Amino acid sequence: MAALRVLEQHWVSPPPPTGPRPALPLTFFDIPWLDLNPVDRLFFYRFPHSSAVFLDSHLPNLKSSLALTLNNFYPLAGTIRRSSAYDDRFEICNSDGDSVSLTVGEFENMDFNDISGYHRRPFGKLLLLVPSLPKSSDAQPLLAIQITVFPNQGLCLALKVHHAACDGFSSIHFLKSWAAAASRAAAPPSPPSLDRSSISDPYSLSSKLAKTVLLQRSLPHHHKPSPPSPTLAAATFTLPSHQIQALKLKLQSKDSSFHISTFVISSACSWICLLKTKVNDDDDDDLNRVAHFFFSVDWRNRMRPPPPANYFGNCLGCPCFVKANVGDIVEEKDGFFMACKVIGKAIEGIGVDVYEEMDGVIQKVIQVLPHKPLSIAGSPKLRVYDCDFGWGKPEKVEMTSIGGAGAFSMAESRDDKGGVEIGVVLPEDEIIEFGKQFDKFLDKCD
């Protein structure tokens, strides 16, 4: 495997503050993510120039525009620490000299079209493009950036963001703000709202969840997850918009009693294909077991009153838990309908009381983990392909943090409005089988 050549290493700081930058307390939406892995996103762009051109003509602008963007998003340059005033609270602390790591590297002999493609590729190659973010329980950094140049072909801009700092909406808000500042081609998004009073906590859930995190840290089984296997492969599969619409109409004509959406259809398709990849059809025990699936609930528009549209932080709450008999889901005739129905019904069953839903959320997730549930990262609503730094829209966007996590990623289709891209990381033999099952699914839709 080719080796990354590091060209430059920088630490980019926001401008000196004109006023105080107070610590931001972590809310009950933030704390459950404290000890989970960061989120990695890779943005591949066409760049038909040499590394020297990038370093001389593009990097200075990227650094200065990053510094300006961090002026509004200054928490990302800080660290998460235990509160000095309260034993059961965490906060994002900022101080003079805070900075974000920016690594610039080069791959001279790697095919950009290959690494940025949709086809099956060694997952280990993608990991070489991901920046390092140190893990610390005392002062946890929140953001690291790596830009890797493929001379005369393209480049990859990769972000590693600690999920306790913000959710996907906020991290993409940051990236689009940086892109607008760098390209000067479009009006920048509105600045973020850092007002944590937008997330009221009348029942002290943040304190309860912080105590749970500290308890989990003290237990012997609290350990670092194993790194992904080097035999893993990554691929992306696109569910076309016309087939999504046809499936919606088909489901509605059969049974309109449950929630039907693009998300439900995309999730059901992914869940079915994964189960068919892993299940032994001749094993009754395998077919009779219960399969589990969950996804975080976005409370931005569910809370009353809702936080500001530009609120910076997490608004992803207690996961929506779904379960079904494996045999029912992989059944050829009605498996897709059953998968959509259990997911749709679960969505309809999400409560309206955010405090009730979030109470004990960490224990709720821990209880389902032994069942090896499938989960989702990302969302088509984030519009990741709108991040243009002046090089055009990304050729491809990847989420490498799903590797080894029992998750698949979801994003809007780059070229098919209304379509959905589904990212998968599996052992190579399984990803080949997943591709076959996905193609069969699409053939049945026609």
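**Notebook: a predicted model, looked up piece by piece**

I began with Ala-234, which counts as buried because its relative accessibility is 1%, under the 20% limit for that label. This is a predicted model, and I keep that in mind for each entry. Ala-234 sits in strand β11, residues 232-239. I then looked up what it touches, leaving out residues up to four places away in sequence. The list is His-119, Arg-120, Arg-121, Phe-123, Leu-126, Val-424, Val-425 and Ile-431. I also checked Gly-423, which is 189 residues from Ala-234 in sequence. The C-alpha atoms of Ala-234 and Gly-423 are 7.4 Å apart in space.

**Asp-138**

Next I took Asp-138, found in the loop between α3 (123-127) and β8 (140-141). Is Asp-138 buried or exposed? It is exposed, because its relative accessible area is 60% and the label asks for over 50%. Leaving aside neighbours within four places in sequence, I found Asp-138 in contact with Ile-80 and Arg-81. I looked up Asn-61 as well, 77 residues from Asp-138 along the chain. Their C-alpha atoms are separated by 33 Å.

**Helix α1**

I turned to helix α1, which has 22 residues, 51-72. At 1.5 Å a residue it should span 32 Å, and I find its end C-alpha atoms 30 Å apart, which agrees. I noted a kink of about 45° at His-58, shortly before the proline Pro-60.

Which residues of α1 are buried? I listed Ser-51, Phe-54, Leu-59, Leu-62, Ser-65, Leu-66, Ala-67, Thr-69 and Leu-70. In an α-helix, residues three or four places apart point the same way, because there are 3.6 residues a turn. I then looked for the partners of the buried residues of α1. They pack against the strands β1 (5-12), β6 (100-106), β9 (143-150) and β10 (154-161), and against helix α4 (168-183).

**Cavities**

How many cavities of 30 Å³ or more does a search of the whole structure find? It finds 2. The largest cavity has a volume of about 120 Å³. I count 15 residues lining it, and the closest to its centre are Val-397, Met-399, Ser-409, Met-410 and Ala-411. The elements giving two or more residues to this lining are β15 (396-398), β16 (407-412) and β17 (420-427). I sorted the lining of the largest cavity into 7 nonpolar, 5 polar and 3 charged residues.

The second largest cavity has a volume of about 60 Å³. I list Val-39, Arg-41, Phe-43, Leu-159, Val-161, Ser-171, Ile-172 and Leu-175 as its lining. Here β3 (39-46), β10 and α4 each supply at least two residues. The lining of the second largest cavity divides into 6 nonpolar, 1 polar and 1 charged.

**A pocket**

Last, I looked up the second largest pocket, with a volume of about 530 Å³.

Conventions. Residues are numbered from 1 along each chain as its sequence is written. This is a predicted model: local features need pLDDT of at least 70, side-chain atom pairs count only at pLDDT 80 or more; totals for chains, interfaces and linings use all residues. Side-chain values use heavy atoms; hydrogens and water are left out. Helices (H or I, at least four residues) and strands (E, at least two) are DSSP runs, numbered from the N terminus. The expected span of a helix is 1.5 Å times one less than its number of residues. The bend at a residue is the angle between axes fitted to the seven residues ending there and the seven starting there. Buried means under 20% relative accessible area, exposed over 50%, partly exposed in between (1.4 Å probe, protein chains only). Contact means heavy atoms within 4.5 Å. On a 1 Å grid over the protein atoms alone, a cavity is a set of points where a 1.4 Å probe fits but cannot get out, and a pocket is an open set with protein on both sides within 12 Å along at least five of seven lines; lining residues have an atom within 4 Å of a point. Grid points are joined across faces, edges and corners, and a volume is the space filled by probe spheres set on the points. Ala, Val, Leu, Ile, Met, Phe, Trp, Tyr, Cys and Pro count as nonpolar, Asp, Glu, Lys and Arg as charged, and the others, Gly among them, as polar.
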